[in-house]
Amino acid sequence: MWIAGEAQFAASMLDVHDPYSGRLVGRVPAAGKEQVTEAIERMTRQSPPKLSRQQRSVILRRIADIIRRETDSLARLNTAESGLCLKDTRYEAARSIDVLNLAADATSFDDSAVFPGSVGANGKPRRIFTHRESIGLVAAITPFNHPLNQVVHKIAPAIATNTPIIVKPSEKTPLTALRLAEICYEAGLPPELLSVVTGNPIEIAEVFTSHPAVALLSFTGSPTVGKRLIQQAGYRRVVVELGGNDPLIVMEDADVEAAAELAANGAYGNSGQRCTAVKRILVQRGIADAFVAALERRTQRFVAADPADERTDIGTVIDEPAAVQIARRIADAIGAGARLVAGHRRDGALLQPTILDHVPTGCELVAEETFGPVAPVIRFDGIDEAVSISNGTRYGLSSAICTNRIDWISRFVSDLRVGSVNVWEVPGYRSEASPFGGVKDSGLGCKEGVVEAMRLYTTVKTLSLPWPHP
Ligand code: NAP
């Protein structure tokens, strides 16, 4: 087993703390530029192992099986470093098992195509076939909010396509990623196909964006960092999956109880730290009072407490500075005229779920991405205003619509500038196989999800053969 940046290579170590208690939960190597370059060169010195589709499928399923067997310990490790509650981290482990099994299934298929050659005035008696080849080394950078599944979403398509990958997880949550790498090796993945490096993000990213062996940079995180990396990356493929400010839009024909259920789950799940969390709740004025009352009743059921307690529904956000920033945005929104309905209490990195009503659209709380358990309600009069408010941020990741009117649904599908529209579902709904990704500052329209990522990690080669039968 070999993890680049292991203690013997690193000049110093990084401490990882539990966001809830502050206790030290682990130490990881702080790899510098030299170690990262060395890791890339060790991976690329020789051609990567060529595993058959069957071998890749077996390895992916073995990784899934080990995660299933070790769900409890992986969830506890994830909770200890991220502050996400055990309910969330167990759910994340289950999602990652799905990703791996889907990637294993996907090794059985490809999108090869066949074209006749004897067409057009200059046709020849030939046939043209396409197939996909690995692009070469992928360098991936992942955020803190899903310490396991974000990394699995980068690694599984790489294994499925025989693509070597080097991953830099968030330095706030590296322990789960390192354990995942060990699991991959235990499952039989040759070490030349996977490295995980931890350390200073700026230094690591400088190597990822300048080393000639890196064929693709795959980044998930904030638009500020993503845009900087696009500028740095030069002539290589780059995929960015960036932030979101997703609306849940509740029209006047909606069942307010069902809509409030979606709003609460979408706003508070994973401590509100999902790129596709419900970050703005747009409610048509006629039903807004009833909706806010229903949301308040549901919010009272959510327990925000020690993330390691099995009964907890909402753990901490990633650290105390993040919680302080969110509390400040809530206070500013109240100062700008919003009405506090519930919550707005902070204890270290732990925030109680907070509802605000009558939130003005210009507040930082809703104009920017607020990554925490907050449910800001914005009231509107008609569908034109709903579309305009919804599109009125720099983000365009996903959206959720609560209405049964097909004319309104088709208007939203056509006019919302987002990557996904979910009718009667939270914005975060997706299958691990379906295409996923945003527009505007949420991404450049490239999609991820296992199948799309397998396409991104490969290039199409065409070959033509003599084919005498036209
Ligand atoms: P971030 O600050 O952009 O960090 C993302 C990754 O980039 C981390 O590994 C981070 O390392 C690294 N990084 C930070 N500064 C860097 C720099 N100057 N150069 C190179 N790398 C750098 O984002 P985050 O706060 O971790 O994550 C939250 C964001 O991710 C939110 O905006 C969320 O919506 C977005 N997100 C998007 C998706 C999607 O699929 N669209 C999914 C999940 C999350 P360190 O953590 O070690 O600093």
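Predicted model: local features only at pLDDT ≥ 70, side-chain atom pairs only at ≥ 80, totals over all residues.
By salt bridge I mean a side-chain nitrogen of Lys or Arg within 4 Å of a carboxyl oxygen of Asp or Glu. Asp 381 sits in the loop between β16 (374-380) and α13 (383-390), and Arg 285 is in helix α10 (residues 285-299), so this pair ties together parts that are 96 residues apart in sequence. Helices here are DSSP runs of H or I with at least four residues, strands are E runs of at least two, and both are numbered from the N terminus. Searching the whole structure turns up 40 salt bridges.

Residues are numbered from 1 along each chain as its sequence is written, and side-chain values use heavy atoms, leaving out hydrogens and water.

Now the domains. The chain splits into domain 1 (7-242 + 444-462) and domain 2 (247-431), with bounds from an automatic or database domain assignment. Their C-alpha centres are 30 Å apart. Domain 1 puts 25 residues into the contact and domain 2 puts in 28, where contact means heavy atoms within 4.5 Å.

How much area is buried between domain 1 and domain 2? About 2100 Å², with carbon and sulfur atoms giving 52%; that's accessible area (1.4 Å probe) lost by the two parts on being put together, summed over both. On the domain 1 side, Tyr 20, Lys 87 and Phe 144 lose the most area to domain 2, together 23% of what that side buries.

Three salt bridges cross this interface. Elsewhere on my list is Glu 310 with Arg 76, side chain to side chain, at 3.1 Å from N to O.

Last stop, the ligand. A polar backbone atom of Gly 221 is 3.5 Å from an oxygen of the ligand. And Arg 228 brings a side-chain N or O atom to 3.0 Å from a ligand nitrogen.

Note on methods
Polar contact = N/O pair within 3.5 Å; in protein donor to acceptor, adjacent residues only side chain to side chain.
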